[in-house]
Amino acid sequence: MARKAPAGDPEQDAPEVSAPKHAAAGLPAVGHSLRIAQQQMGVRRTALTLLKVNQKNGFDCPGCAWPEPGHRHTAEFCENGAKAVAEEATLRRVTPDFFAEHPVSDLNRRSGYWLGQQGRLTQPMYLPDGADHYEPVPWERAFDIIAEELNALASPDEALFYTSGRTSNEAAFLYQLFAREFGTNNLPDCSNMCHESSGSALSETIGIGKGSVLLEDLYRSDLIIVAGQNPGTNHPRMLSALEKAKAGGATIVTVNPLPEAGLQRFKNPQTAKGLVGGGAPLSDLFLQIRLGGDQALFRALNALLLQAEEEAPDTVLDHNFIDEHTHGFEDFAAAARATDWDEVLRATGLDRAEIDQLLALVLKSKSIVVCWAMGLTQHKHSVPTIREVVNFLLLRGNIGRPGAGVCPVRGHSNVQGDRTMGIFERPAPEFLDALEKEFGFAPPREHGYDVVRAIRALRDGDAKVFFAMGGNFVAASPDTDATEAAMRRARLTVHVSTKLNRSHVVTGARALILPTLGRTEKDVQEAGAQFVTVEDSMGMVHASRGTLEPAGPHLLSEPAIIVRLARAVLGPESRVPWADFEADYGLVRDRISRVVPGFEDFNAKVAHPGGFTLPHAPRDSRSFPTATGKANFTAAEVEYPAVPEGRLLLQTLRSHDQYNTTIYGLDDRYRGIKGGRRVVLLNPEDAAALGFADGAYTDLVSEWSDGAERRAAGFRVVHYPTTRGCAAAYYPETNVLVPLDHTADTSNTPASKSVVIRLEAGSDRPV
């Protein structure tokens, strides 16, 4: 029997399944982009909008943080970028009449896909205590409600101020400024759930928690290793950069439990060969690694490089670089030389010949870039894994040299910029000193809550007000049942949003939805038309100017919302000239220029078409602002997930019709899934051993040391060429399986890529 979905909400557990694709983009990507865009925006609006995406005089794509090249194509966007723009620039509207028709109890039964498809929010909406319907509320009353709750708290630390990665630099700076003048460092953000492990590892080893490469380095590289990343779905414009690097002579190695179409062959839709031909093969070597085995792989590589140096002295390692610029080499080398090869092969699932193939490519390459994403950052041992990647690059001097370096690929448009602007629960003392000097108040020094700790604080009654600047916190967070129960304990939940999502229907005693302008829309304030800025994955900062009329007359920009919030909460006693900042964002940039290093003369620099590059000491001068003053080798023990007999290791992932928690459609074209999301991808041999035929139905049950049962029910089994012992399924549907306390050491990032599960059979599709 079929699952009964609410009226208008499509079934998601009975997809059509075909063989996965072996190439990405091409004509299907163009057709799908235009079809989605025209459904949401209409023909004329589609043309006017898409031609402004990522252009120097246009707006930054609200999707991923991949940088723009200096010379830009007329269509400088990818398929998923077009979907992201269409979702924001849609002609569909969610008005007060919608909320009058749909009680929260009804919306709570709806899928995230259905909620997102309803359109743009148009007016502030308020859910009173005990009510089942949101009702329209004037902006002034909305801010008064927030001020009442915040000013009634026993401590500012009972408030949480969450930030999504789509927030601009100007809004992020104002947001953290307000939170700190209010008196708290409780600034959890989406970085806590994705690249916090990268920041932790890189800050310790090279002194800056960001990547060290620019686009030009990819083009000049001899070898690019892409580990734990699927650019074809998550950062499609990266494929163009890889294609260009390949044409320039680069070798590309991919390391992933799943074969990903985009890394096999790329049909560039901006070229004739890509549109009508076979496209370009990208990967020269594919290592189908076991989930969580990356640290063991890079440790093995490092051991082999040390061995090769011993066999041919002064031909493998960069001794001048090691001696002059690094610390801790001997301890690292001793740990690497003690590598247990049985453990390496068990952890990686690879054979020795495959690792030797990679070694041969490394030895003939002078300049190497390693790129990674969530496949490396969301394990318990993610921080030591990324430290081991840094060890690998340091051995041959591959940081601070053209064509070489670390490349963590951020997944949301300005997630890196938000952190640069001070959205961080553990701010550096130097940043707080600069704030105090500039604004004349003493910011709090005690560290605040990250995402996981924020959920615990709500659960335990230590936090009572939750304010979100964008995002979909409930759907993005781990341990869905625990997160939702925690949110419902809040006295007030507030969400600044463009569209409806799951977080709006899992509320505190009272709730507010504050509708805001999108990236695509004009922003006119008292001083005239405004623009905002963003920072991409490679430290480039540039302007973003919306071109469309706002979706409704009642929308406020994010900076305006923050300013009015601050004035309502802090009152006339505040020493910050909040009203000036709403009128003219250039005044915000003036203040940023005096607080944040690298932003001196901000307004002048960002006026340059294409923006400017932030300084990066390891890349620019091979100087390393670490505790030792040098790049640090590390010598952690090798770790990898242990999986009991009869169990599997699950990774959560995106479909191709998805961006983070935003679901554009129910297909995953490259993986051969059409018309459904409740699927689990299993290796056919694992499925046979566990007794699951292709098309059978199963419940996924995660097993964790706390003994609690976490269950995701009713998933269709899909036989798929994933690594033995490993399974995959989409989030947010499987976030329920990720225990709140199953996090990465040091970074506290949810370990969503290594969840031990068992499968429990169902005889038919669930009711």
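## The sheet S2-S10-S11

Three strands, in the order S2-S10-S11, make up an open sheet of mixed pairing; strands are DSSP runs of E with at least two residues, numbered from the N terminus, and two of them pair if DSSP finds at least two bridges between them. Its edges are formed by strand S2 (24–25) and strand S11 (280–281), each of which pairs on one side only. The model is predicted: local features need pLDDT of at least 70 and side-chain atom pairs count only at pLDDT 80 or more, whereas totals for chains, interfaces and linings use all residues. Residues are numbered from 1 along each chain as its sequence is written, and side-chain values use heavy atoms, leaving out hydrogens and water.

Two bridges join strand S10 (residues 265–267) to S11 in the antiparallel sense. Opposite phenylalanine 266 stands alanine 280 in S11. Helix H12 (residues 237–247) lies across S2, S10 and S11 and runs at about 110° to S10; helices are DSSP runs of H or I with at least four residues. Such angles run from 0 to 180 degrees between N-to-C directions of axes, which are lines fitted to C-alpha atoms, for helices over the stretch in contact, where contact means heavy atoms within 4.5 Å.

## The sheet S21-S22-S23

A further open sheet has three strands in the order S21-S22-S23, with antiparallel pairing. Strand S21 (532–535) and strand S23 (612–613) each have a single partner strand, so one side of each lacks a neighbour in the sheet.

S21 pairs with strand S22 (residues 540–544) over four bridges in the antiparallel sense, and valine 532 stands opposite serine 544 in S22. Helix H8 (residues 169–182) packs on this sheet, touching S21 and S22, and its direction makes about 90° with that of S21.
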